[in-house]
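Q: Hey, can you walk me through this one? I'd like to start with what's packed inside.

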Amino acid sequence: MNTSRRNRPSAPVLALLATVLLAGCAGTGGSEGGEPELGPVEVNPATATLALPMDAYTDTEAERIRMGQVQQALVSRCMARYGFTYEGVRPAEVAGAGTGAGAGAGAEDRHAYLFGLADPAYAAAHGYDKSAGEGSVAKPAPPQLSDSAYVVMNGERPGAQGGTAPDANTEEEAAQVDSGLTAAGQKVPAGGCGREGYRKLYAPTKDSVDLLFTFGLASEAHDRSRQDSRVVDALKKWSSCMDKSGYAGIASPYDVVEKLGLEDDKGGPKAVTAAKADVACKREVNLVGIWGAVEKAYQERLVEEHAETLALYKKQREARFKLAASLG
């Protein structure tokens, strides 16, 4: 690959040109359809610095671990009502020690692989091995349950055909559902304590927004961004750069490992060489800067379209944090 910088404009000039040209390419696309106009397009931003609208509705890894601990505490309290001591598997024990490339940088990077590998230092050190530096964390086996404890935990008898036992989507609904099971002289909650713990935290009322709603919006925005003409053009340029670097026929950053047969050695010399070329080509065409701006624009559109539901989701998310605080 020709790495000469001859006749290249400076980074500030590139940033200005990218902003003007890409915003102009959006045409008249408004909030109702078409390709959205873009805000500033940064030049090769670090993925850790990307701030996307859906981040405001997404838990950090620390928050996910904490919510897992709270859910486990609710399950344990439910089991205790029926005379069972249940510790379960602590979420922190299975969370791992970091978040791939973000861990390598010493901080969480929730967008580390949103556009494929993008960190040149990580690529040079670890190639495509996302788990490098995390160590080996064995997943603890779930505690063994007696038959009676199994009934209370799962709301069905051992050996029952899965999915046939009475259940409920929310705690409000659960109050009206009879599981048909009793233990310690009390009715077993619909779906058992496992489901009760989830419902108390994530679905207490009938208006509870599905936990996957915001994930779905972020995924939709990403799918739209991949079809946007500005991203399609940038990907073509990236693919052409990869071709010149000796890696022909790769159309997407998500396909590099498979196309090059690196599945069994993602951190080996061959993978490192490919990863370095991959990231260099991304920087050559400003793929992260362009795609990040386009992704942000589509997320902004979806946030506007679903403002009412997202406001409710945010309120309920704050209520979960308050519940977590109350449980200590």
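Predicted model: local features only at pLDDT ≥ 70, side-chain atom pairs only at ≥ 80, totals over all residues.

Q: OK, back to Tyr128. What is Tyr128 in contact with, leaving aside its neighbours within four places in sequence?

A: Quite a list: Leu117, Val256, Val257, Leu262, Lys266, Ala271, Ala274, Ala275 and Asp278.

Q: Let's go to α12. Which residues of α12 are buried?

A: Ala271, Val272, Ala274, Ala275, Ala277, Asp278, Val279, Cys281, Lys282 and Val285. These buried residues pack against α5, α10, α11 and α13.

Q: And how far apart are the end C-alpha atoms of α12?

A: They are 25 Å apart. At 1.5 Å a residue, the 17 residues of α12 should span 24 Å, so the two values agree.

Q: What about α13, how many of its residues are buried?

A: 15 of its 19 residues are buried, so to speak "mostly covered".

Q: What sits in the loop between α12 and α13?

A: Asn286 is found there. Asn286 has a positive phi of about 55° although it is not a glycine.

Q: Is Asn286 buried or exposed?

A: Asn286 is buried: its relative accessible area is 9%, and the cut-off for buried is under 20%.

Q: Now Asn44. What's its phi?

A: Asn44 has a positive phi of about 45°, and it is not a glycine either. You'll find Asn44 in the loop between α1 (11–25) and α2 (61–81).

Q: New topic: how many disulfides does the structure hold?

A: It holds 2 disulfides. One of them joins Cys78 to Cys193, with an S to S distance of 2.0 Å. Cys78 lies in helix α2 and Cys193 in helix α8 (residues 192–202), so this pair ties together parts that are 115 residues apart in sequence.

Q: Are Cys78 and Cys193 buried or exposed?

A: Both Cys78 and Cys193 are buried. The torsion about their S-S bond is about -70°, so this disulfide is left-handed.

Q: And which cysteines have sulfur atoms 2.1 Å apart?

A: That's Cys241 and Cys281, which form a disulfide. Cys241 lies in helix α10 and Cys281 in helix α12, so the pair ties together parts that are 40 residues apart in sequence. Both Cys241 and Cys281 are buried.

Q: Why is the disulfide of Cys241 and Cys281 left-handed?

A: Because the torsion about the S-S bond of Cys241 and Cys281 is about -80°.

Q: Last one: what's the pairing if I number the bonded cysteines in sequence order?

A: The pairing is 1-2, 3-4.

How values were computed: Residues numbered from 1 in each chain as written. Heavy atoms only, no water. Contact = heavy atoms within 4.5 Å. Helix = DSSP H or I, 4+ residues; strand = E, 2+ residues; numbered from the N terminus. Expected span 1.5 Å × (residues − 1). Buried < 20%, exposed > 50% of the residue type's maximum accessible area, 1.4 Å probe, protein only. Disulfide = S-S within 2.5 Å.
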